[in-house]
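Look at the sequence and the structure below.

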Amino acid sequence: MDIVVCVKRVPLTEEVDLVIDAQKKGVKKDQLAFVLNDWDNYAIEEAILLKEKHGGTVTAITVGNEDDEEVLRRCLAMGADRAIRVEAGDMSRFDSFGIVKILSQVVKDLPYDLVFTGVLADDDSYGMVGMMMAEELNLNHSSMVTAIELEDGKVRTTSELEGGLGEVSVVDLPALITIQTGINEPRYVSILGIRKAAKKELKVMDLAELGVSDGELAPRAIIEEVYLPPETEGAQILTGDPDKIAGDLVEILTKKGVME
Amino acid sequence: MDFDLSKEQKDIVSAAREFAQGEFPDRAEEFDRDETFDETLHKKAAELGFVGTFIKDEYGGPGMGLLEYCLIFEEFSAVDPGIAVAILISSYGAEIVQEFGSEEQKRRYLPPLASGEAVTGSAFTEPDAGSDLASATTTTAVRENDVYVINGSKMFITNGDRADYLICFVQTDPDNPDRHRRHSMIMVETDRDGFEANHLTGKLGVRASDTAELSFSNVRVPCSNLVGDPGNGFAEAMYLFNLDRVVVAAQAVGTARGALEESIQHVKKRIAFNAPLASFQSIQFKIADMFTWIQAGRNLVYEAAWRIDQGTIDPKLIAAAKSFCGQMAVKCADMALQMHGGYGYLAEYKVQRLFRDAKITEIYEGTTEIEKIIMARNLLK
Ligand SMILES: Cc1cc2nc3c(=O)[nH]c(=O)nc-3n(C[C@H](O)[C@H](O)[C@H](O)COP(=O)(O)OP(=O)(O)OC[C@H]3O[C@@H](n4cnc5c(N)ncnc54)[C@H](O)[C@@H]3O)c2cc1C
């Protein structure tokens, strides 16, 4: 079972006051700490679990600069066998479509039975790369998957639907699966893992090597402006002792039809 | 000159931070309140390779440098100093075995520490001798054929009650004219007859860590438990202190960093006089000072550890790191609590714990005063 996992390094934005950059095209990232996208952490763990059970290889891929190698080293330390980084220069010139083109170009020449991506990335939350890549590579797919079982030449996946519904699908291999958080419990990185990772292959490729031109990668979606949600009127601050506040709150919620 | 950590070191920092943030916060308050610890945490950390990182490959450890040890200690301490000590100091003193022990001793004592199956500690301090270690005369070992018979007591011994074996500083040659040649280091398994440990309660801080008083009553150990040469105990103690003083300094940096992180979060949220505390200059200055001192302390730790890893032991640099970082942590924890106001005085706020935890870094492995004496002695000679 050969599994390719596409991963991304994202800024930690919890409990941070985000600041819009001067061009109003994104947020300032220079003061932010970066980590492996949470969904991708589950995806790499799932791939390693499958490998540990059924044998095979796990390859982690990212498109990004040298700093982004940090997340590939993490994947290697967790147990991936090799990693590939595509050096694509200024990343701000790509939308999801461009990223999909690049990733697909790498993946198509690798041996694989399964391709995993996270359902979405923590930073821009588009959730497009997985599904677009399945199309680009002409692969069967299953999305928002919370359980995977291998069967002969197939995978049985469980997906989470709106309202708590579950859906079980059987998908022929090769296939692309987008992994939902909670599918497993990602392991911690160990010192031994870090040591081993240093000896594993981390290959760097550039766009010329992949044979994709900037023209093909031109964005389909262009960001006009990024802004913080305007402060709205209408917040009502309840005051008084806790009993009074609770009473007032119940009254308001009942009036608005939220509570009966 | 390069101020960047290597990639491997950065990955170690991330791994240690993630483990500490994932495992410690849920337990820290409980361990502190009840003065307990859960050994499964120690085991988990050991399985991930965070324990006994200095233990060489051939004895089951990763054989990393002091700097890596310090990096892990800072990360663990920034989340909870008590748990950091309980986990990481579980191999305290194994440095002596690795440097001075026989091959047989290294094979016996080191691998179980790296794997987390055993806990050790080092017993120097006595009820009547702390800073002035050479004056320790309460605990003696007398040779009878091929055993040592140990009698006496030790005080404030970390892991005294939980350890499987303790390396003990005992007087073996009371008549030697050189007071620094009167002691030896002897390994004592804690299940030997006549050995007793009494877990001390009511500590101010690092309450997840076991501290005990020990008593030895005709404890018989084979002479093969002598670690290093007879009479070499004081030199072996100094060898250990030179390493672990830097580690305690890293603990102090972590504690101070935890205090800064708590403060930044708090002052941005807390409103007074219609504005966040963070908007007041006296608060801003505290935050700026804390950042500066922590950075200065960390640089001292890094340099001292790095030089030791390069083979240079500079006692005055080590003492500077230990004394500066200890005082700095106490000051930072104090400022952090002050910025939290009444909330900081409550047990459920982490700053309260950090305030209490910080102080130990000025006491063990050589008090602030002793470190200053070491520096002055070197500078004025
Ligand atoms: C939680 C905890 C864990 C510990 N763990 C261990 C352990 O694992 N193993 C171990 O052996 N010990 C351990 N200790 C003991 C610790 O190392 C000693 O407490 C420390 O060395 C100070 O010794 P003392 O307590 O006897 O104080 P003293 O030596 O009595 O010192 C009291 C005060 O006088 C000052 N002082 C002493 N001499 C001078 C001087 N010449 N000039 C100026 N000032 C001076 C000191 O700085 C200090 O402020 C631990 C202590 C604690 C609290």
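## Salt bridges and the interface

In this predicted model, the count of salt bridges between chain A and chain B is 6. One of the salt bridges joins B:K7 to A:E66, with the closest N and O atoms 3.8 Å apart. The interface of the two chains also has 6 residue pairs in polar contact. On the side of chain A that touches chain B, α2 (69-78) and α5 (191-197) each supply at least two residues. The largest share of that side, 4 residues, belongs to α5(A).

Chain A brings 14 residues to the contact and chain B brings 17 residues. Together the chains bury about 1,500 Å², and 50% of this lies on carbon and sulfur atoms. Of the area that chain A buries against chain B, 46% is supplied by A:Y188, A:I191 and A:R195, more than by any other three residues.

## Nonpolar cores

The largest nonpolar core contains 131 residues. Those with the most contacts inside this core are A:I44, A:F116, B:F50, B:F76, B:I87 and B:F124. Helix α9 (residues 233-269) of chain B gives the most to the core, namely 15 residues.

Leaving aside residues up to four places away in sequence, B:F124 touches several residues, among them B:Y92, B:L133, B:F169, B:M185 and B:F241. A second, separate core has 27 residues, including A:I61, A:F94, A:M205 and A:L207.

## A helix in chain B

Helix α11 (residues 315-340) of chain B has 26 residues, so at 1.5 Å a residue it should span 38 Å. Its end C-alpha atoms are 37 Å apart, which agrees. After α11(B) comes B:G341, which has a positive phi, near 60°.

Methods:
Residues numbered from 1 in each chain as written. Chains lettered and ligands numbered in written order. Predicted model: local features only at pLDDT ≥ 70, side-chain atom pairs only at ≥ 80, totals over all residues. Heavy atoms only, no water. Core = buried A, V, L, I, M, F, W, Y, C linked by side-chain atoms within 4.5 Å. Buried < 20%, exposed > 50% of the residue type's maximum accessible area, 1.4 Å probe, protein only. Contact = heavy atoms within 4.5 Å. Expected span 1.5 Å × (residues − 1). Buried area = accessible area lost by both parts, 1.4 Å probe. Salt bridge = Lys/Arg side-chain N within 4 Å of Asp/Glu carboxyl O. Polar contact = N/O pair within 3.5 Å; in protein donor to acceptor, adjacent residues only side chain to side chain.
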